[in-house]
Amino acid sequence: MNNGLKKLIQASKQALVIVDMQNDFIEEGGAFSQGGFNVRSFEPIISVIQKLLKTARIQEIPVIYLTMVHDQNNDGQKAWKKRREAFNHPNSCRRNTWGVQLIERLKPLQSECIIQKHRYNGFTNSQLQNYLTEKGIESLIFTGVNTNVCVEATARAAHDLDYHVALIEDATATAYEDAYLASLRNFERHFGLVMKSEEWIKSVSYVK
């Protein structure tokens, strides 16, 4: 682990980011399950994220839920839509459906921030950046799915925007087993810190 980066993150104002923990991705009966993906592989990270959430709330660390939301307006007619059609991608997270909702086990508090995104990268609209600027947040702690897609895409963008970034390896998962470790290693080499949940909980659990 890069202890220098760990100290920078620990000394800065952090936010816990929970990416795409929605029914269509996580739950049996959701679009990914119906599309043949083994969503049971996502199950172990739910209890870990619950622990991280509890810690963040106790320590008054802001929590941000990023959620994928699709409709006819933001699908567009070009590469995004055409690639998904060509690969027969599950028709997930349609607006105003059960599938787009956050899973019940990670239900946000009324005071916590929920930001919609329409592409993999959560910074493709200005809402996330505006929120981080308003709150003076300098470091982002990433969890959720999929490690190699929306989590990594948003964390890379955050790094490019000069945020310190960390990825909690036991609080993230991907539908593609061969991509998980590769994504973690690439992230650790080029973008930020990869750490265990207990390491992060210990690093922020201090007496104010």
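Helix H1 gives the most to the lining of the largest cavity, with three residues. Helices here are DSSP runs of H or I with at least four residues, strands are E runs with at least two, and both are numbered from the N terminus. The model is predicted, so to read it well, keep in mind that local features need pLDDT of at least 70 and side-chain atom pairs count only at pLDDT 80 or more, while totals for chains, interfaces and linings use all residues. Residues are numbered from 1 along each chain as its sequence is written, and side-chain values use heavy atoms, with hydrogens and water left out.

Let us stay with that cavity for a moment. The structure holds one cavity of 30 Å³ or more, and the space in the largest cavity is about 40 Å³. On a 1 Å grid over the protein atoms alone, a cavity is a set of points where a 1.4 Å probe fits but cannot get out; a pocket is an open set with protein on both sides within 12 Å along at least five of seven lines, and lining residues have an atom within 4 Å of a point. Grid points are joined across faces, edges and corners, and a volume is the space filled by probe spheres set on the points. Around the largest cavity you will find Lys6, Ile9, Gln10, Leu193, Met195, Trp200 and Ser203. Helix H1 (3-11), strand S6 (193-195) and H10 are the elements that give two or more residues to this lining. By class, the cavity lining has four nonpolar, two polar and one charged residues; Ala, Val, Leu, Ile, Met, Phe, Trp, Tyr, Cys and Pro count as nonpolar, Asp, Glu, Lys and Arg as charged, and the others, Gly among them, as polar.

The largest pocket has a volume of about 320 Å³. Its lining has 21 residues, and Phe32, His89, Tyr120, Val149 and Tyr176 lie nearest its centre. Helix H6 (79-86) and helix H8 (147-160) are the elements that give two or more residues to the lining of the largest pocket, and H8 has the largest share, three residues. This lining divides into twelve nonpolar, six polar and three charged residues.

The second largest pocket holds about 190 Å³ of space. Here the largest share of the lining, four residues, comes from H6. Among the lining residues of the second largest pocket are Trp80, Lys81, Arg84, Glu85 and His89. Two nonpolar, four polar and five charged residues make up this lining.

Next, look at helix H4 (residues 43-58). Its 16 residues reach 24 Å from first C-alpha to last, close to the 22 Å expected at 1.5 Å a residue, where the expected span is 1.5 Å times one less than the number of residues. In H4, Ile45, Ile46, Val48, Ile49, Leu52, Leu53, Thr55 and Ala56 are buried; buried means under 20% relative accessible area, exposed over 50%, and partly exposed in between, with a 1.4 Å probe and protein chains only. The buried residues of H4 pack against elements including S1, H2, strand S2 (63-68) and helix H10 (197-204).

A few backbone details deserve a look. Most residues other than glycine have a negative phi, and most peptide bonds are trans. Glu60, in the loop between H4 and S2, has a positive phi of about 60° although it is not a glycine, and at 66% relative accessibility Glu60 counts as exposed. Cys93 lies in the loop between H6 and strand S3 (113-117) and has a positive phi near 55°, but Cys93 is buried, at 0% relative accessibility. The peptide bond from Val145 to Asn146 is cis, with omega near -20°, and Asn146 is found in the loop between S4 and H8.

Finally, visit two buried residues. Gln22 sits in the loop between strand S1 (14-19) and helix H2 (23-26), with a relative accessible area of 0%. Its side chain reaches the backbone oxygen of Met68 at 2.9 Å. Leaving out residues up to four places away in sequence, Gln22 touches residues including Leu66, Met68, Cys93 and Gln101, contact meaning heavy atoms within 4.5 Å. Thr147, in helix H8, is also buried, at 0% relative accessibility. Thr147 and Val19 are 128 residues apart in sequence and 9.3 Å apart in space, C-alpha to C-alpha.

Note on methods
Polar contact = N/O pair within 3.5 Å; in protein donor to acceptor, adjacent residues only side chain to side chain.
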